[in-house]
Amino acid sequence: MDIKIRSSDPAVIALCPVAEQEGIATVFDRYEMQQPQCGFGTLGLCCRICWKGPCRVDPFGDGPQAGICGAGKDTIVARNLIRMMAAGAAAHSEHGRHIALAMQRVGKGELPDYHIRDEEKLKSIAGRLDIAVADRTITDIAYDVATKTLEDYQNQDSKVPCHWISASLPAKRLSLLGKLGVLPHNIDATVAQIMSRTHIGCDADPENLVLGGMRGALADFNGMALATELSDAMFGTPKPVVTQANIGVIKKQAVNIAVNGHNPLLSEVICDIASEMNSIARDAGASEGINIVGICCTGNEVMMRHGIPLATNYLSQEMAIFTGALDAMVVDVQCIMPSLPQISECYHTEFITTMDENKMPGARHVSFHEDKARETARKIVQYAIDAYGRRDAKRINIPDIKQTAIVGFSSEAVMAALATLNAADPLAPLVENIVNGNILGVALFAGCNSTRAIQDENFQVIAKILARNNVLLLATGCGAGAFAKHGLMNQQATEAWAGDSLKAVLTAIGVSAGLEGPLPLILHMGSCVDNSRAVQLATALADRLNVDLSDLPLVASAPEAMSEKAIAIASWSVAIGLPTHLGIVPQVTGSAVVTDLITEGAKDLFGGYFLVESDPALAAEKLVAVIREKRHALGI
Ligand code: SF4
Ligand code: MSK
């Protein structure tokens with residue numbers, strides 16, 4: 001296999017031959033082995049919702065046009081699509097619930113291993129949720145914030161929308177979503193309703209199904225908004241920090257521990273404990289002590305808050321083990337390849353699962369509970385130190401490939417940087433530069449990597465073209481990981497790729513904010529759960545201009561989307577009014593009705609819509625055209 005047609009990451013290109021030499025299959029090999037993939041599934045036309053199935057509809061019109069129960073292609077495609085949205089919403093919202101329950105216990109004084117690290121953020125959240133802060137202890141406020149947040153999982157009055165979505169979107173958008181009946185009142189109930197209405201013999205109307213799915217996608221937004229905001233209060237709101245990204249951050253002379261997954265509850269404590277156990281690692285022979293590196297979105301979380309370097313993003317997570325110098329990989333939830341424990345077994349690497357609801361065959365399981373967080377973290381770090389002693393020096397191969405990245409652009413950090421130009425009115429410099437055209441528009445890159453594209457390639461091609469056209473770029477999740485690895489999140493990238501007027505703006509803000517140069521070309525806003533940060537900024541802009549989100553020259557792009565979470569994110573992005581590019585053809589094209597509903601139909605209802613284009617250069621052109629259209633409509 002020529003790996004260059006599967007990944008553009010130089011570290012992957014360097015390490016895949018190692019895997020081949022060792023006779024170990026990687027995600028790229030397994031992709032080849034799956035070819036050709038099922039055409040019915042690709043079109044969304046396979047139904048396995050009951051045991052009379054699987055049923056499939058012939059896309060050419062020759063074979064059966066309905067499943068055994070009579071469900072036609074539009075019903076089958078719509079049901080499959082919205083079940084994916086529900087799964088995405090469940091994933092983000094479980095993550096959020098975990099954080100909220102932990103915060104509630106911090107409020108009750110039950111978790112001595114955790115604290116409210118950002119009291120100001122907690123108070124500002126409390127304000128948004130109408131919780132009093134004056135003359136109250138931080139723990140009391142934390143308890144109330146968590147308790148009110150948990151109401152979003154409990155409220156049974158369908159006329160009262162969830163607190164977090166109400167506190168996060170512009171009034172105009174909330175009113176539209178309310179009229180369309182898609183504002184969620186309860187995350188769990190919304191997910192359960194999607195599962196229920198897609199059971200055999202229930203909702204068969206594609207439009208009704210898709211609208212129900214959109215409510216689920218908005219529940220996903222609610223879950224991620226609360227997860228991000230509560231995490232900031234517990235662990236700190238990210239600020240710009242300089243770090244490095246790609247596999248070369250693994251160090252030969254250190255005990256290397258990769259944290260992989262999404263939830264910061266354990267990884268935060270591992271970072272603390274690692275610094276306390278450095279001397280034990282040195283005594284074991286690791287002269288550089290303990291080196292924590294990140295993978296996927298746990299990686300993004302600790303990178304944003306502590307400058308922990310990022311080893312890699314989703315599609316190349318296996319590569320870290322092939323360096324022969326990864327002593328432990330510690331995983332929590334979501335986007336963790338089940339192949340990892342088997343590959344770890346071929347090396348000395350300790351592969352450790354930590355969440356009781358996410359175990360993997362072949363892994364060591366260390367059950368994580370917040371009341372024993374430090375004790376658990378200590379045990380895990382010790383396993384890594386022990387594994388270091390079992391390394392095989394002959395198999396160590398760490399490609400010296402890494403890039404500098406400036407990360408940590410929470411919406412608060414962006415506002416703080418803008419405030420250095422105009423303390424009285426921090427949004428003014430952004431608004432002025434958008435209105436005068438120095439910034440043509442804003443694009444948010446989100447989402448994963450997929451084997452259905454060349455890894456990281458779509459992100460890079462689109463971003464460079466948008467930057468040349470003076471579009472301000474934001475990124476989250478594995479998209480942000482891609483940009484960090486490829487050197488597009490530093491000041492040199494701004495010099496190399498930004499159009500003249502964008503460069504001038506990024507330089508003015510960066511210099512004024514004390515960065516001694518421009519802001520990075522692409523602002524890293526966090527993990528995939530942190531897309532809500534970009535919405536917070538967009539909402540501030542919309543409120544300031546007294547328009548809706550759909551009026552702003554703002555687009556989203558998930559050029560290598562893969563997970564159910566990404567489908568949920570892209571769907572709420574459409575629901576809040578954003579033209580949303582997908583670089584991977586979604587599994588809906590077996591139904592012209594559903595395809596039309598999420599493109600043209602959605603545009604009429606929400607102002608947002610899916611724009612599907614798998615050619616990255618063409619996608620970039622289309623996104624620029626959309627931004628120009630939006631500007632024209634605004635009269636700017
Ligand atoms: Fe077939 Fe209908 Fe059962 Fe789906 S729900 S598997 S279409 S019989
Ligand atoms: S990890 S959801 S591959 S962004 Fe957040 Fe990355 Fe996508 Fe998972």
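User: How does helix 13 pass helix 20, in a left-handed or a right-handed crossing?

Analyst: In this predicted model, the crossing of helix 13 past helix 20 is left-handed.

User: Which residues make the contact?

Analyst: Helix 13 contributes Cys 296, Cys 297 and Asn 300, and helix 20 contributes Gly 477, Cys 478 and Gly 481. By class, that contact has 3 nonpolar and 3 polar residues, with no charged ones.

User: At what angle do helix 13 and helix 20 pack, and how far apart are their axes?

Analyst: The angle is about 70°, and the axes are 9 Å apart. Helix 13 covers residues 296-306 and helix 20 covers residues 477-485. Helix 13 is therefore roughly perpendicular to helix 20.

User: Switching to ligand 2. Which residues come nearest?

Analyst: His 262, Cys 297, Cys 335, Cys 478 and Cys 528 come nearest, out of 13 residues around ligand 2. Helix 13 and helix 20 are the elements that give two or more residues to that shell.

User: Which domains does the shell around ligand 2 draw on?

Analyst: At least three residues come from each of domain 3 (247-395) and domain 4 (403-634).

User: And how does the ligand 2 shell divide by class?

Analyst: There are 8 nonpolar residues, 4 polar and 1 charged around ligand 2.

User: What about ligand 1, what surrounds that?

Analyst: The residues around ligand 1 include the cysteines Cys 47, Cys 50, Cys 55 and Cys 69. Also among them are Ile 49, Ile 68 and Ile 200, along with Gly 53, Gly 67, Lys 52 and Arg 79.

How values were computed
Residues numbered from 1 in each chain as written. Chains lettered and ligands numbered in written order. Predicted model: local features only at pLDDT ≥ 70, side-chain atom pairs only at ≥ 80, totals over all residues. Heavy atoms only, no water. Axes fitted to C-alpha atoms, helices over the stretch in contact; angles between N-to-C directions. Helix = DSSP H or I, 4+ residues; strand = E, 2+ residues; numbered from the N terminus. Parallel < 35°, antiparallel > 145°, perpendicular 65-115°, else oblique. Left-handed = near helix turned anticlockwise from the far one by under 90°. Contact = heavy atoms within 4.5 Å. Nonpolar A, V, L, I, M, F, W, Y, C, P; charged D, E, K, R; others polar. Near = heavy atom within 4 Å. Domains from an automatic or database assignment.
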